[in-house]
Amino acid sequence: MQVAFSDVGQRALQLAGAFSGPALTFQTGILSARQRRAPLLLGQNVDVAEVPEIRYASVGDADVAYQVFGDGPVDVVHFWGLGAHVELNWDTPADAAFLKRLGGIARVLVFDKRGTGASDPVLRSAIPTWEDWTQDLVAVMDAAGWERAAISTENAGGPIAILFAATHPERVTSLVLASTTARYLASPDYPAGVSPDVAEHGVRLLGKLWGTTEYARLAWPSLAEDETSLRNLARNQRVSATPRSAEAQMRYFVGVDVRDALPLIQAPTLVLHSEGDGVVPVAQGEYLASHIRGAKFVTWASDDNAVTTATDRYMGAVGEFLTGQRPGPEPDRVLATILFTDIVGSTDRLSRMGDARWRHVLDVHDAVVRQQLARFGGQEINTTGDGFVVAFDGPARAIRCGLALIHDLEQRGVRIRAGCHTGECERRGNDLAGLAVHIAARIAAVAGPTQMLVSSTVGDLVLGSGIEFTDAGQHELKGVPGSWHLLTTGP
């Protein structure tokens with residue numbers, strides 16, 4: 001998930017009521033909790049052993065980091081502008097899901113351009129030119145032994161890909177440009193641009209907030225309630241570039257104008273854009289498509305700027321464009337481990353403590369839960385007021401997370417109970433549904449204070465993990481057919 005240069009300034013000005021105009025279509029309406037939640041896809045977390053090996057290509061006196069993975073029928077080089085890191089992207093669920101899907105339709109080479117991520121930094125006083133950055137593409141393709149490939153990028157990577165396609169047509173089989181532009185600032189002959197005042201405000205604000213959750217919350221308002229994703233984004237920004245380096249590179253982006261290269265692009269081109277993009281207005285995508293000969297323009301109904309939040313739609317369009325076949329959507333059903341937690345005696349405590357003190361207890365509870373979810377790789381599905389519904393792609397991590405929550409919260413005077421079950425779930429957007437979810441909820445309802453109960457299914461799946469269980473007997477679970485054998489674990 002990367003952002004173009006002045007989105008923070010644009011959004012901040014809009015939120016302050018200081019800017020309005022046709023260049024931006026950011027919606028300030030209140031979103032539901034489900035809409036604000038990150039599009040984390042279950043089963044996509046990548047083990048460290050599965051992360052592709054980082055290699056380096058030399059460009060002058062600098063090293064450019066890249067990876068090669070995937071086994072699809074075409075070769076694709078993909079890169080971002082800022083906020084990315086070729087290794088740590090695999091540790092961010094949404095980015096990992098995007099990369100794995102891309103590797104399913106192509107053999108993929110991803111890299112960090114100079115000044116970002118795992119590649120060598122650049123001096124703020126000597127930012128490479130757009131033409132210089134095209135040499136990063138030449139270097140990584142040469143190092144990997146690739147003569148030709150499709151070039152795919154988004155946001156601030158767009159000008160590099162445009163110039164590369166125009167200057168090295170023999171090496172580009174096709175071009176994919178997502179949420180990007182050939183020129184960012186408005187001018188008399190370019191009304192699609194963003195006003196200089198808004199862009200400058202965004203650059204300065206980014207320099208102050210880069211690498212913080214505050215910046216991430218402004219840049220990705222759809223994730224405003226997802227602390228785990230915000231922390232991931234902030235971390236990726238910090239390891240991608242320092243604040244002043246990011247500000248310098250973004251200031252350079254604001255002045256970009258590679259429109260003269262557009263008529264020289266010979267490769268088949270696909271331009272992708274979300275209709276409500278408040279960072280790079282959709283009109284800039286329309287301009288690209290209309291000035292590249294034969295380009296195909298595809299939009300979707302979304303306000304997001306990063307394509308990782310629209311992976312299914314992106315992969316469908318790109319897969320069909322590159323291979324002639326449209327990949328199927330992500331499966332609607334997935335095997336997941338569901339963990340339910342809730343505070344014991346919450347109604348009684350509320351009546352005794354009053355609203356203000358109880359709200360403080362809930363704030364402490366929520367912060368501890370989300371901290372442990374980040375530690376154990378859990379996906380927050382929903383909250384129940386005094387509890388959480390969490391999904392894991394492995395039962396052992398779900399159990400260890402539940403036990404850690406019980407211990408940590410008890411130390412803070414909050415007693416919870418937990419229930420866990422593994423089964424087939426149905427995806428509904430970012431939510432999960434199905435019998436397995438109901439079973440986990442009913443198991444939690446049976447548990448006593450500071451107790452964690454799991455189904456025998458979970459017990460069978462973690463054999464050999466070192467987790468020890470005690471038989472908790474047979475139980476009737478409300479609304480669930482049959483009798484269920486439950487186990488308990490913990491100190």
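Colleague: What makes Asn155 buried or exposed?

Modeller: Its relative accessible area is 1%. Buried means under 20%, exposed over 50% and partly exposed in between, with a 1.4 Å probe and protein chains only. So Asn155 counts as buried. Bear in mind that this is a predicted model, where local features need pLDDT of at least 70, side-chain atom pairs count only at pLDDT 80 or more, and totals for chains, interfaces and linings use all residues. Residues are numbered from 1 along each chain as its sequence is written, and side-chain values use heavy atoms, with hydrogens and water left out.

Colleague: And where is Asn155?

Modeller: Asn155 sits in the loop between β5 and α5; helices (H or I, at least four residues) and strands (E, at least two) are DSSP runs, numbered from the N terminus. Asn155 also has a positive phi of about 50°, although it isn't a glycine. Most residues other than glycine have a negative phi.

Colleague: Why is Thr450 called partly exposed?

Modeller: Thr450 has a relative accessible area of 30%, so it falls between the two cut-offs. Thr450 is in the loop between α15 (435-446) and β14 (452-455), and its phi is positive too, about 55°.

Colleague: How do you know that α3 is roughly parallel to α11?

Modeller: Helix α3 (residues 93-105) and helix α11 (residues 311-323) pack at about 20°, with axes 10 Å apart. Axes are lines fitted to C-alpha atoms, for helices over the stretch in contact, and angles run from 0 to 180 degrees between N-to-C directions. Under 35 degrees counts as roughly parallel, over 145 as roughly antiparallel, 65 to 115 as roughly perpendicular and the rest as oblique. So the angle makes α3 roughly parallel to α11.

Colleague: Which residues in α3 meet α11?

Modeller: Phe98, Arg101, Leu102 and Ile105 do, and their partners in α11 include Tyr314, Met315 and Val318; contact means heavy atoms within 4.5 Å.
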